[in-house]
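Thanks for coming. I will go through one structure today, so please look at the sequence and the model while I talk.

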Amino acid sequence: MARSTRSPARLIVALAVAGVLAVFLLYTAVAGNSTPSLTPSGLAGHVGKVQVVGAVVGPIRGDSHSAAGLRFGIRDIGSGAKSPVVQVVYRGDSPPPLFAVTRHVVVSGTIVGGRIAGTGIVTKCPSKYVPTKKY
Amino acid sequence: MSGLALVLGAAITIAAVVFVGLPFLREPRTDDDRLDAPSEAEAGRLELVEARDRALAALKELEFDHRTGKITDTDYRVLVGQARRAAAGALRALERSSEAGIAGQQEDVQGDDRAGHNGSDGRGRVAVDERPHHVAPGGEPDQGHERERDPERQHDL
Amino acid sequence: MADLGRAALAVSLGLAVYALVVGIVAARSNRRRLAVSARNALFACFGSTLVAAAVLASALVRHDFSFVYVAQHTNRTLSARYALTAFWGGQEGSLLLWLLVLTGYGTLAVAVNRRLLRDLVAWVVPVLGGIATFFAFVLVAIASPFDTQTAPVDGLGLTPSLQNPYMAIHPPMLYLGYVGLAIPFSFAAGALLSGKTDERWLVATRRWTLAAWAFLGVGQLLGAHWAYVEVGWGGYYAWDPVENAALMPWLAATAFLHSVMIQERKGMLKVWNMVLVALAFELSVFGTFLTRSGVVNSIHSFAKSPIGSWFLAFVVISTLFSVALILWRLPLLKARTKLESALSREATFLYNNLLLVALCLTVLWGVLFPILTQLVQGETRTIGRPYYDFFLRAFGLPLLLLMGIGPLVAWRKASARSLLKLLAWPIATAVVAGAILVAVGAGSSKPGLIAYTFSAFVLATIVVELVRGTRAAGSLFRLVSRNRRRYGGYVVHAAVVLLAIGIAGSSAYQTTTEQRLVPGQTMTVAGYHLTYRGATHIDTPNAQRVQALIDVRGPWSGRLRTGSVTYTGFAGETDREVGIKTDWLRAEDLYVIADDFRPDGAVYFKVLVRPLINLIWLAGLLFVVGSLVALWPDAREQRRLVTRLAPARA
């Protein structure tokens, strides 16, 4: 039987691309849910898992390790005092050391009754690429 | 602007301008301003040299793969024949090209002698290779060809 | 002196434009003196950029707060060492570093190759000039490090978490990597523009690519180590967009380093290599864009910067340029030979490339997802860690396996029987290793177990290859010195295996326990007994430090301190100071975080025991060794190149 002399390269590439897409589809079907990333003012009408980016509004009360959780507010970054504040009840690891009133944070959690039941907090490192404000 | 900064700034600018203009300052006029790219013959020779190097490297890889057990004896016998033929072909093509090149150079030298040229290319450099050609007496191996084949003897198996 | 800096940058811009415009004219019209003039402009551009850099460095060390940049990133109490590292601590300084490294690399690469590759270099110069023009323009017109003000009494200082040796060296390493990828890109573009698409550009840039790739790898590991010891959340990589920005070009460059070997030997994958080298460069500029634009949410940035749109425009234009160039020269990029067998060294390189590029594009998709969803759906959506972890396993584990199989496969066409015979011992090693691991309880994590057994397999194949190769060559030294690239590569493979073991061990087999303790209480984690003795407060003029003292008994016995420090000069920035005890025999870390210090003395502790994590840092050292072996100049190879490319000249 004569052997094919055609290069298998194209077949390999085609199979590989198909394989990668199959893996991708598998992931998306099984576990691929993305999370909306919103601002506090844009939360209206959303339910379920969210990621909220904003500035911390005091007072900060409670303990993230207790049943009552750590309670604070969050509002749009750069907005004035009149912009709406959304309440967060965060339970989980201690918040990062940079966490404080006016810090910019990303809170991950679920919207429950107009509040955020937070499960994760990330504070943003001071940016190297934007001039820091003078104080 | 402080005086020192002005002086330094001016110095940098002047130095930059001079450096950029240096080729024209060194050779205000020249007969040959062509970019020194390889000629077609050179490019052809280069391709043959690269083909030779690839063929010899492939042969060497094949030998190494066989010695380290990556290829069976049967496959080796088939592949080494093909690789040796490819290497021999590349060597022959390069030798033919070298011989044609030497003949061409000899014609060029004779032509230049007839025309009274001194062989210079206008930049004071000799245009033709004037190394002596070691042509062996009849019947003896030509060492020059072997050097051309494998100057570093690194393809010795 | 700021005027001198501004003038030097303006001269750099002028020279870069000259190198670009005149370089194109010279190359097109084949004019030697003009080409040399353009080349000199590139060299001079490095000179004037160096002057600008010296001005900024001097201002930083002298604490000249009339420079806005100096005032924003240093203060009088900052040591000279960290004052100098503030050079790359901000936008403008880091852009100046980009330009300095670009023109420095470009000068060296062009100078080294100017005689052997004249026709190619004539086109490389304007490409480098074009890239330099962009950065010089941004520095002159958009983000100058030489803005001045009435000098305040003191500056704002450098963010305390950046005052760390790892963070001092992490950015320069990354830049030497990112910017270094511009060299193979410029030579590739030069090859396409000149029509000289043979392997010369590959051979000329081989070491440049390897060096850039090595710097990028080391830079990432340094950043990961900094995050682990300084940021103190217990992890080292968070799949943050800014972290991914360095990973993506590194993956593309890894694929390129492998596939160039195919083109050099077989004349195949020419188009693929052009695409890869362009992809690596574009991803490095894209990464620079990501970190400065604020276009994606990242722990590392928060506000949109005006510079973002300029970078985006540059990425778009340079990508279109690369695509157009490759399409135009497609007829010159035909393969000389073809792939003969799906079981050959060439084929395994192809599989490896496909997996690396798949992983790279997966990460890119994750990074771009928020931007794309915002554009398409009007709502920003993010993809979290599980996505990246899934694909790291899906593509990373087969890659690990290929690292073991590939080196044992013959070129052109391998015989399955020979391959299985060679793989017998490594397979047996992997099976035995797997059985032992299951017996000691490591079967709890399937991905971890798979990673371990594959790692054992790869290490065994490296040993097989070295043993057989030594027998064939006569000695190990002769074996390695005759083919430094290959055996340096095997050392790097061993480093990757260590990395895989370290990552698997520290994540899949980590133990975490959290508890609030009052003084005198004890908690137990993975065989360690930690007794909290009490907290101490230490106040200095610059900072207030609180530390919990913990006595540890177990596999290691001793005292650990952990807590936090609040800096008075930085709007009360607080940093964690974690307690880490490394057991080098087991490469394991006991990692203690103390939070929430209460007035009654109670402290909340999170304790992690991370097995094998230190293999990750050891892998970094081995990676450097392997890269150095691969980079080591080979005098015979250099003579061969000169003999080949510089024929009879008197």
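Let me begin with a pair of strands. In chain C, β2(C) and strand β10, residues 603–610, run antiparallel and are joined by seven bridges. If you want one position to look at, take C:Thr512, which stands opposite C:Leu608 in β10(C). Before I go on, please keep in mind that this is a predicted model.

That pair belongs to an open sheet of four strands, in the order β2-β10-β9-β8 of chain C, with antiparallel pairing. Which strands stand at the edges? They are β2, residues 511–517, and β8 of chain C. Each has a single partner strand, so one side of each is left without a neighbour in the sheet. On average, neighbouring strands here are turned by 15° against each other, direction ignored.

At the other end of that order, strand β8, residues 579–583, is joined to strand β9, residues 588–595, by five bridges, and these two also run antiparallel in chain C. Here C:Lys581 stands opposite C:Leu590 in β9(C). The hairpin of β8(C) and β9(C) has four residues between the strands, and C:Ala587 takes a positive phi near 50° in this hairpin.

There is also an open sheet of five strands in chain C, ordered β3-β4-β5-β6-β7, and its pairing is antiparallel. Its edge strands are β3, at 522–525, and β7, at 574–577, each pairing on one side only. From one strand to the next, the twist averages 25°. Between β3(C) and strand β4, residues 528–539 of chain C, there are four bridges.

Now the helices. Overall, chain C has 20 helices and ten strands. Its radius of gyration is 27 Å, close to the 26 Å that the globule rule gives for 650 residues, so chain C is as compact as a globular protein of that length. Along the principal axes, the C-alpha atoms of chain C fill a box of roughly 85 × 75 × 55 Å. Of its 650 residues, 56% count as buried.

One helix to pick out is α18 of chain C, residues 484–508. How far apart are its end C-alpha atoms? They are 35 Å apart, which agrees with the 36 Å that its 25 residues should span at 1.5 Å a residue. Of those 25 residues, 20 are buried, so α18(C) is largely enclosed by the rest of the structure.

The largest nonpolar core has 225 residues, and C:Ala19, C:Phe135 and C:Ala252 touch the most other members. Helix α9, residues 200–231 of chain C, gives this core its largest share, 18 residues. Leaving out residues up to four places away in sequence, C:Phe135 touches C:Leu95, C:Trp98, C:Leu99 and C:Leu102. A second, separate core has 21 residues, including C:Ala548, C:Leu560, C:Leu608 and C:Val609.

Last, a loop position. C:Gly378 lies between α13, at 345–377, and β1, at 381–382, of chain C. Is C:Gly378 buried or exposed? It counts as exposed, because C:Gly378 has 7 C-beta neighbours inside 10 Å, and the cut-off for exposed is 12 or fewer. Its C-alpha atom is separated by 52 Å from that of C:Ala410, 32 residues apart along the chain.

Technical notes: Residues numbered from 1 in each chain as written. Chains lettered and ligands numbered in written order. Predicted model: local features only at pLDDT ≥ 70, side-chain atom pairs only at ≥ 80, totals over all residues. Expected span 1.5 Å × (residues − 1). Pairing = 2+ DSSP bridges. Axes fitted to C-alpha atoms, helices over the stretch in contact; angles between N-to-C directions. Rg over C-alpha atoms; globule rule 2.2 N^0.38 Å. Core = buried A, V, L, I, M, F, W, Y, C linked by C-beta atoms within 7 Å. Contact = placed C-beta atoms within 7 Å.
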